Amino acid sequence: MPIKTVGQRFQVDDRVVRNHTIGYTGGKYKQQKGTVLEAFAKTNKVGASQYYYKVKWDDRRSSEHAQHSLKPVE
């Protein structure tokens, strides 16, 4: 059975958001908004390509995230 790769969802300069929990706050989420600086693919141990993005957040920090952890800003 061939592995189906999801296409690249974001382009450079797209605005994205990432939700994450802040410690143990009873299910409340903090939203981080930022801009995609770079998009690239990595191959996992099974041989499937997965997209990753370097994001510059609005608070001027930057980090790298897998595509599934990001959503477009609405």
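This is a predicted model: local features need pLDDT of at least 70, side-chain atom pairs count only at pLDDT 80 or more; totals for chains, interfaces and linings use all residues.
Side chains of opposite charge can pair when their charged atoms come close.

The count of salt bridges comes to three. Another of them joins R15 to D58, again with 2.9 Å between the closest N and O atoms, and this pair links distant parts of the chain, since R15 belongs to strand 1 (residues 15–21) whereas D58 sits in the loop between strand 3 and strand 4, 43 residues apart. R15 is partly exposed, its relative accessible area being 35%.

## The hairpin of strands 3 and 4

Strand 3 and strand 4 run antiparallel and are joined by five bridges. Together they form a hairpin with four residues between them, and within the turn R60 has a positive phi of about 75°. One point of the pairing can be located by residue, because V55 has S63 as its bridge partner in strand 4, a pairing that rests on at least two DSSP bridges between the strands.

S63 also takes part in a polar contact of 2.7 Å, which joins its side chain to that of H65. H65 lies in strand 4 (residues 62–66), and because its relative accessible area is 12%, below the 20% limit, H65 counts as buried. Leaving aside neighbours within four places in sequence, H65 is in contact with R18, Y51, Y52, Y53, W57 and L70.

## The surroundings of Y52

Y52 is found in strand 3 (residues 49–57), and, when residues up to four places away in sequence are not counted, Y52 touches E38, A39, F40, K42, E64, H65 and A66. The C-alpha atoms of Y52 and S69, which are 17 residues apart along the chain, are separated by 9.6 Å.

Two of the residues that touch Y52, namely K42 and E64, also form a salt bridge with each other, the closest N and O atoms being 2.9 Å apart. This pair connects distant parts of the chain, with E64 in strand 4 and K42 in strand 2 (residues 29–43), 22 residues apart. Both ends are partly exposed, E64 at 43% relative accessibility and K42 at 37%.

## Aromatic pairs

A search of the whole structure finds two aromatic pairs. The rings of F10 and Y53 have their centres 5.4 Å apart and their planes at 80°, so this pair is edge-to-face, the angle being over the 60 degrees that such a label requires. F10 lies in the segment before strand 1 and Y53 in strand 3, 43 residues apart, so that distant parts of the chain are linked. Both F10 and Y53 are buried.

The rings of F40 and Y52, by contrast, have planes at 15° and centres 6.4 Å apart, so that pair is stacked; the centre distance falls within the 6.5 Å cut-off for pairing. Because F40 lies in strand 2 and Y52 in strand 3, the pair ties together parts that are 12 residues apart in sequence. F40 is partly exposed, with a relative accessible area of 21%, a value to be read against the 20% limit under which a residue is called buried.

Notes. Residues are numbered from 1 along each chain as its sequence is written. Side-chain values use heavy atoms; hydrogens and water are left out. Helices (H or I, at least four residues) and strands (E, at least two) are DSSP runs, numbered from the N terminus. Buried means under 20% relative accessible area, exposed over 50%, partly exposed in between (1.4 Å probe, protein chains only). A polar contact is a pair of N or O atoms within 3.5 Å; within protein, one must be able to donate a hydrogen and the other to accept it, and residues adjacent in sequence count only if both atoms are side-chain atoms. Contact means heavy atoms within 4.5 Å. A salt bridge is a side-chain nitrogen of Lys or Arg within 4 Å of a carboxyl oxygen of Asp or Glu. Rings of Phe, Tyr and Trp (its six-membered ring) pair if their centres lie within 6.5 Å; planes under 30 degrees apart count as stacked, over 60 as edge-to-face and the rest as tilted.
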